[in-house]
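Subject: Structure handover

Hello,

Here is the structure for you to look at. Please open it first, then read the notes below.

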Amino acid sequence: MPTAFTNQTSFMDLALEEAGKAADRGEVPVGAVLVRGGHVIARDGNRTLELNDPTAHAEVLVIRTACALAGSQRLPDCDLYVTLEPCPMCAGAISFARIRRLYYGAGDEKGGAVDHGTRFFCQPTCHHAPDVYSGIGETRAAGLLKAFFQAKRQGVAS
C-alpha cells in the first residue's frame with residue numbers, strides 16, 4: 001500500500017521536525033505526532049529540561065494534549081509516530097491510552113521498552129498492546145540522536 005507508507009513517512013517527517021526543535025532547545029531530540037483519521041491531533045518534542053519534568057517525554061506530551069482535546073483518557077482510534085523506541089514510562093502511557101498503532105524510528109537498545117529491554121507490550125501484565133511498526137525514518141532519527149550526543153560529548157552547544 002504505497003499511500004499508507006507515504007502517510008507513515010510524512011507523519012514521521014513531522015515527528016522528526018519536532019525532534020529537531022527539541023535538539024534546538026537542548027533537549028534529547030525525540031519527537032512525536034499523534035494522528036486520528038489521517039489528521040494530526042498533537043505534535044511535540046521532548047521538554048524535560050524546559051519544564052523541569054522528567055515525564056515530559058514527547059510521547060507523554062502528545063498523549064496528554066490529545067486526551068484533553070478528546071475529553072477522554074483513551075485514544076483507541078489514534079496512531080502514534082515517535083522518532084525513538086519508547087521507554088518503559090512511555091510504553092505504559094501508550095498502553096493505558098489504548099493507542100491503536102505505534103510507529104517508531106530508531107530502536108533504543110539501552111532505554112527502549114518495545115523491542116528491547118522490558119518489551120513492555122509482551123508482558124502478561126500489559127492490558128493493551130498497540131500494533132507496532134519499527135524502522136520508519138530510522139536513519140534520520142538515529143542520525144539526529146548521534147549528532148546531538150556527539151556534540152554534547154565535545155562540549156558543543158546544540
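This is a predicted model: local features need pLDDT of at least 70, side-chain atom pairs count only at pLDDT 80 or more; totals for chains, interfaces and linings use all residues.

Val82 stands opposite Tyr104 in E4.

E3 covers residues 78-84, E4 covers residues 101-106, and the two pair in the parallel sense over five bridges. E3 also pairs with E1 (residues 31-36), here in the antiparallel sense, again over five bridges. In that pairing, Val33 stands opposite Tyr81.

What is the order of the strands in the sheet? It is E2-E1-E3-E4-E5, five strands in an open sheet with mixed pairing. E2 (39-45) and E5 (131-134) stand at the edges, each with a single partner strand, so one side of each has no neighbour in the sheet. From one strand to the next, the twist averages 15°.

E4 and E5 run parallel and are joined by four bridges. Leu102 stands opposite Val132 in E5. Helix H5 (residues 138-153) packs on the sheet and touches E3 and E4. Its direction makes about 55° with that of E4.

Strand E3 and Thr83

E3 is mostly covered, with seven of its seven residues buried. Thr83 has its place in this strand. Is Thr83 buried or exposed? Its relative accessible area is 2%. The cut-off for buried is under 20%, so Thr83 counts as buried.

Which residues does Thr83 touch, leaving aside neighbours within four places in sequence? The contacts are Met12, Ala15, Leu16, Ala19, Pro29, Val30, Gly31, Gly105, Ala106 and Ala141. Gly137 is 54 residues away from Thr83 in sequence, yet their C-alpha atoms are 7.4 Å apart in space.

Helix H3 (residues 58-70) lies across E1, E2 and E3 and runs at about 140° to E2. Its 13 residues, at 1.5 Å a residue, should span 18 Å. The end C-alpha atoms are 18 Å apart, which agrees. Buried residues in H3 are Ala58, Glu59, Val60, Leu61, Val62, Ile63, Ala66 and Cys67. They pack against E1, E2, helix H2 (48-51), E3 and H4. Gly71 follows H3 and has a positive phi, near 65°.

H4 (residues 88-96) sits between E3 and E4 in a right-handed β-α-β unit. Cys90, Ala91, Gly92, Ile94 and Ser95 are buried in H4. What do the buried residues of H4 pack against? Their partners are H3, E3 and E4. Arg98 follows H4, and its phi is positive too, near 60°.

The core

The largest nonpolar core has 37 residues. Which of them touch the most other members? They are Leu34, Leu75, Leu80, Ile99 and Leu102. Helix H1 (2-24), E1, H3, E3, H4, E4 and H5 are the elements that give two or more residues to this core.

Leu75 is worth a look on screen. Leaving aside neighbours within four places in sequence, Leu75 is in contact with Leu34, Arg36, Ile63, Ala66, Cys67, Ala70, Ala97, Arg98, Ile99 and Arg100.

Best wishes

Conventions: Residues are numbered from 1 along each chain as its sequence is written. Side-chain values use heavy atoms; hydrogens and water are left out. Buried means under 20% relative accessible area, exposed over 50%, partly exposed in between (1.4 Å probe, protein chains only). Two strands pair if DSSP finds at least two bridges between them. A crossover is right-handed if, with the strands pointing away from the viewer, the path from the first strand over the helix to the second runs clockwise. Axes are lines fitted to C-alpha atoms, for helices over the stretch in contact, and angles run from 0 to 180 degrees between N-to-C directions. Contact means heavy atoms within 4.5 Å. A nonpolar core is a set of buried Ala, Val, Leu, Ile, Met, Phe, Trp, Tyr and Cys residues joined through side-chain atoms within 4.5 Å. The expected span of a helix is 1.5 Å times one less than its number of residues.
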